[in-house]
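Biologist: Please put the sequence and the model up, and then I will ask about them one point at a time.

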Amino acid sequence: MDAVAPTIRTEMPPPSYIMSAEGYQIATYSWGPPDAEPVLCVHGFASSCRDNWVETGWVRALTGAGYRVIGVDQRGHGASDKPYDPLAYSMSAFVGDLIAVLDTYLVDDVRYVGYSLGARVGWQLAVDAPEHVSRAVLGGIPDGRPLGRLRIEQARAYAEQGIPVEDTVTQNYVRLAERVATNDLRALIGLAEGMRFGDADPDPERPPVQPVLFATGSEDAILERSRVLAGSAPNGTFTEIPGRHHFNTPGSRAFRDAAVDFLGADGAEP
């Protein structure tokens, strides 16, 4: 029997920090040749670049396809600054962080890959700064206001005083937040409070016009709403990731393969 080649683990480099408009440090990472076509990867709520893209094989797949990968820990996550102030977490702030990253890396435009919150921010980046995004993969893009179901007062009482959370939805968010060792629950509560009733909704009346692949797990509660959002985009296509729910879709090989194929579908050499 032939020996099975071992999987090569992607090394996590130390972060390079860029400064946000307000002075927060945003952690970034880079893999692949500096002169290769760049792909910007942006993670979801309560995740990180490592958790969403490195440990799941995305960076390995994208660099293997010839791309340069630029990863970001969004504010409130990973090695980036984690303000507690809800006012720090507007959609315009998240978008501004990404533009600052591209400016610092001297990159004019990118192929974009985002999941959940990262997909929502990617939608807005593609709409507000279309010159920076040539095409995008938006996985598990939330519609409606999922953070609006979070009982902020219960989550804060748990984070600050250890009082058990009674609300089931809030319990799920707390478990999600505590799953990643670098998370600060108080910062994520601030994020949820800042975004849940603000400008977090993607506007189907003002969709991105670039080619966009929307991908959502077949077991994800937002499946049909994601499909509707895809239908609102003039150059949007939709793929359903079989057997996956919202939290395990990033680890799907089918999702990765579909994304890599889509990113190269414009005929440009990576």
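Biologist: In which helix does Gly-118 lie?
Modeller: This is a predicted model, in which local features need pLDDT of at least 70 and side-chain atom pairs count only at pLDDT 80 or more, while totals for chains, interfaces and linings use all residues. Residues are numbered from 1 along each chain as its sequence is written, and side-chain values use heavy atoms, with hydrogens and water left out. Elements are DSSP runs numbered from the N terminus, a helix being H or I over at least four residues and a strand being E over at least two. By that numbering, Gly-118 lies in helix 4.

Biologist: Is Gly-118 buried or exposed?
Modeller: Buried is under 20% relative accessible area, exposed is over 50%, and partly exposed is in between, with a 1.4 Å probe and protein chains only. Gly-118 has a relative accessible area of 0%, so the residue is buried.

Biologist: Which residues is Gly-118 in contact with, leaving aside neighbours within four places in sequence?
Modeller: Contact means heavy atoms within 4.5 Å. With those neighbours left aside, the partners of Gly-118 are Val-42, His-43, Gly-44, Gln-74 and Tyr-112.

Biologist: And what separates the C-alpha atoms of Gly-118 and Asp-184?
Modeller: Along the chain these two residues are 66 residues apart. Between the C-alpha atoms of Gly-118 and Asp-184 the separation is 18 Å.

Biologist: Which residues is Val-133 in contact with, leaving aside neighbours within four places in sequence?
Modeller: Val-133 is found in strand 6. The residue is buried because its relative accessible area is 3%. Neighbours within four places aside, Val-133 is in contact with Asp-109, Val-110, Tyr-112, Leu-125, Ala-126 and Gln-210.

Biologist: Which residues of helix 8 are exposed?
Modeller: Helix 8 covers residues 223-232, and its buried residues are Leu-223, Ser-226, Leu-229 and Ala-230. Taking the directions from the helix axis to the C-beta atoms, these fall within an arc of 120°, so they line one face of helix 8. An α-helix has 3.6 residues a turn, so residues three or four places apart point the same way. On the other side of helix 8, the exposed residues are Val-228 and Gly-231.

Biologist: What covers the buried residues of helix 8?
Modeller: The buried residues in question include Leu-223 and Leu-229. Their cover includes helix 4 (117-128), strand 7 (212-217) and strand 8 (236-241).

Biologist: Within what arc do the buried residues of helix 9 fall?
Modeller: In helix 9 (residues 253-263), the buried residues are Phe-255, Arg-256, Ala-259, Val-260, Phe-262 and Leu-263. They line one face of the helix because, seen down its axis, they fall within an arc of 165°.

Biologist: Which exposed residues does the face of helix 9 turned away from its buried side carry?
Modeller: The buried side of helix 9 has a cover that includes strand 3 (38-42), helix 2 (58-64), strand 5 (110-115), strand 6 (133-139), strand 7 and strand 8. The face turned away from that side carries Arg-253 and Asp-261.

Biologist: Where is the place of Ala-46?
Modeller: Ala-46 is not a glycine, yet has a positive phi of about 65°. The residue is buried, with a relative accessible area of 0%. Its place is in the loop between strand 3 and helix 1 (49-54).

Biologist: What relative accessibility does Leu-106 have?
Modeller: Leu-106 lies in the loop between helix 3 (91-104) and strand 5. Its phi is near 60°, a positive value in a residue other than glycine. Leu-106 counts as exposed because its relative accessibility is 76%.

Biologist: Which elements give two or more residues to the lining of the largest cavity?
Modeller: On a 1 Å grid over the protein atoms alone, a cavity is a set of points where a 1.4 Å probe fits but cannot get out, and lining residues have an atom within 4 Å of a point. The lining of the largest cavity is Phe-45, Leu-150, Ala-155, Tyr-173, Val-174, Ala-177, Leu-185, Leu-188 and Ile-189. The elements that give two or more of these are helix 6 (168-178) and helix 7 (185-195).

Biologist: How much space lies in the largest cavity?
Modeller: The count of cavities of 30 Å³ or more comes to 1. A volume is the space filled by probe spheres set on the grid points, which are joined across faces, edges and corners. For the largest cavity this comes to about 60 Å³.

Biologist: What does the chain average in pLDDT?
Modeller: pLDDT is the predictor's confidence in each residue, from 0 to 100. Of the residues, 92% score at least 70, and the chain average is 91.

Note on methods
On a 1 Å grid over the protein atoms alone, a cavity is a set of points where a 1.4 Å probe fits but cannot get out, and a pocket is an open set with protein on both sides within 12 Å along at least five of seven lines; lining residues have an atom within 4 Å of a point.
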